[in-house]
Structure formats: C-alpha cells, structure tokens
Amino acid sequence: MSRPLSRPVDENLFTGPIGAEYRMLELICPNAALLARRVAERVAGWREGEALEAVEIGCGSGVSTLPLLAFRDDLRLTAVDSAAKMLDQARAHLSGYVEAGRVRFVEADALSCLRALPEASLDVITSNYAIHNFLDDYRQETLAAAFRALKPGGLFVNGDRYAMDDRAAHLSATQAEARLWFQKFGAIGRYDLLEDWIAHLFSDESPEHIMYLTPALERLSALGFADVRVEYREGVDTLATAVKP
Ligand SMILES: C[S@@+](CC[C@H](N)C(=O)[O-])C[C@H]1O[C@@H](n2cnc3c(N)ncnc32)[C@H](O)[C@@H]1O
C-alpha cells in the first residue's frame, strides 16, 4: 500500500498507526511496561488502608491502568486519554474493571480534565510514558493543574522518559535507540511502523517537547511540590515522584 509522503500534523501521535498497534511499544521499549508496574507499586504502598481517589493522565491502551487497579483494591480511578483509539483498547482490555465500577475512562486532554476538577479533590495523580509527549508549555500548565487538583498530602507519580541533562550523552543514547529500532522492526519486516515511531521520536526530541531531567524536577519544586524524587532511572526511563505539601 502506498503511503502519503506527509500527513497532517496531529500533536497527539497516538491517534494514527502507532496507537492502533500500540503493543509494538513492548518491542522497542520494554521499560515502559516495567515503569507502569513501578508506578502502580508506588501507589499500592501509599497510605495503605485509605481509599484513594486518583486520576491517570494518558492511560493509553490500559497497560499502565491495569497494574494500578490490580495492586490496589481501594483505588477509584479516572483514566484520561485524548486518543479515542487508545481508549477503545483500554475499555476492551479492562472491561471487567469498568463493569465493576473501579475505573472510568474519559476521552479528554489532560489539562482540560484536571482543570475541570474541584481544587484539592485527588489523593493521587499518576502517569506513565505520556507527559514527555506534551508540548513544553502545555506540560507546565498540566503540572500546575495537577498540583491544584491534588489534596494537601497528595502524591504525583510519573514514570516517563526524562532526557539526560548531558546533551552529548543523550544524543548518543538516542542514536543507539534509533539503531535498535531499525534492527527490531527490520527483523519483523515492519518498516511502515518504524517510519511512524521515528517520526514520533523526532517529536519527542524536538526543543518544544524534550523533557530534561533536572529542569523538570526543578519545575515541580517551583510549582510548590515537596519531596521531589527520582526513585528509579535506567537510561532515560525514570520514576519521578512528588508530594503536595
Ligand atoms: C506512550 S502512550 C502511554 C500509554 C500508557 N500510559 C502506557 O504506559 O502504555 C502516551 C499516551 O498519552 C496520550 N496523550 C498524549 N497527549 C495527551 C493529552 N494532551 N492528554 C491526554 N492524553 C494524551 C496518548 O494518546 C497516548 O495514549
């Protein structure tokens, strides 16, 4: 099938083929699922015995939603994503949890969703591999809205791709990553998807999107978060947490 040379720009790159075959992420980034588990473990151990009201930002196909629900019975979760294709997959994968009333999937952009919530209404806000996709200004506003929506004592947990502060090291790691993608997608003859993931990588690495670790943590502190911590980091894959005082 011939492919158009250019597509209309959609800021959310998960509305296209990448979203439709999202399980392919496991192939090129197994750490995304590992981080999803770590996010959920962090939430599972948070104020045990208390029922928690939580929002997940960018739940995607539910890969990161499932462990959140499975590891903690008393979590009431609203899982938000702006891509209908991803939410369809999540609703199908987690239909049991939907029917049991444990999770509500909402099609919305993260910022609008958080802004629509009453101030200080959430115990926990989580995200996995979503916030790095945001435009920098939008990300800043979303984090400010997250701070506003959390109750005092509320927890923010983000498993994500935080770029290395050392620009040369980051470039070298990204080049190695791109080479690996060529090997992995080449081995299964999926150059069509490789094309989309490479286009996605260009977006992630662009100056308007890239989320360098130290400035990102400093921003959380500047917004008022306390206990800003990196609890895990391998390459760019990072578990960052913060608490609203
Ligand atoms: C890499 S996927 C991660 C999905 C899931 N959390 C996981 O760990 O597999 C990023 C998700 O963020 C969603 N997303 C991107 N921009 C968004 C926005 N502004 N608001 C809400 N969701 C957004 C995309 O649609 C996509 O499903």
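**Cysteines**

I began with Cys59, which counts as buried because its relative accessibility is 3%, under the 20% cut-off. I keep in mind that this is a predicted model. I then asked how far the nearest cysteine sulfur is from Cys59. A disulfide would be a covalent bond between the sulfur atoms of two cysteines. I searched the whole structure for disulfides and noted 0.

**Sheet**

I next traced the strand order. The sheet is open, has 7 strands and reads β3-β2-β1-β4-β5-β7-β6, with mixed pairing. Which strands are at the edges? I found β3 (103–107) and β6 (226–234) there, each pairing on one side only. From one strand to the next I noted an average twist of 15°. As a reminder to myself, strands of a sheet pair through backbone hydrogen bonds, either parallel or antiparallel.

One pair I wrote down is Asp81 with its bridge partner Glu107 in β3.

I marked Ala226, which stands opposite Val243 in β7. The hairpin of β6 and β7 has 2 residues between the strands, and I noted that Gly235 takes a positive phi near 60° in this hairpin.

**Helix pair**

I then turned to helix α8 (residues 136–149) and helix α11 (residues 213–223). Two packed helices are described by the angle between their axes and the distance between the axes. For α8 and α11 I have an angle of about 40° and axes 10 Å apart. Angles under 35 degrees would count as roughly parallel, and the roughly perpendicular range is 65 to 115, so I list α8 and α11 as oblique to each other. Their crossing is right-handed.

Which residues meet in this pair? On the α8 side I listed Asp136, Gln140, Leu143, Ala144 and Phe147. On the α11 side they meet Arg219, Leu220 and Leu223.

Conventions:
Residues numbered from 1 in each chain as written. Predicted model: local features only at pLDDT ≥ 70, side-chain atom pairs only at ≥ 80, totals over all residues. Heavy atoms only, no water. Pairing = 2+ DSSP bridges. Helix = DSSP H or I, 4+ residues; strand = E, 2+ residues; numbered from the N terminus. Axes fitted to C-alpha atoms, helices over the stretch in contact; angles between N-to-C directions. Disulfide = S-S within 2.5 Å. Buried < 20%, exposed > 50% of the residue type's maximum accessible area, 1.4 Å probe, protein only. Parallel < 35°, antiparallel > 145°, perpendicular 65-115°, else oblique. Left-handed = near helix turned anticlockwise from the far one by under 90°. Contact = heavy atoms within 4.5 Å.
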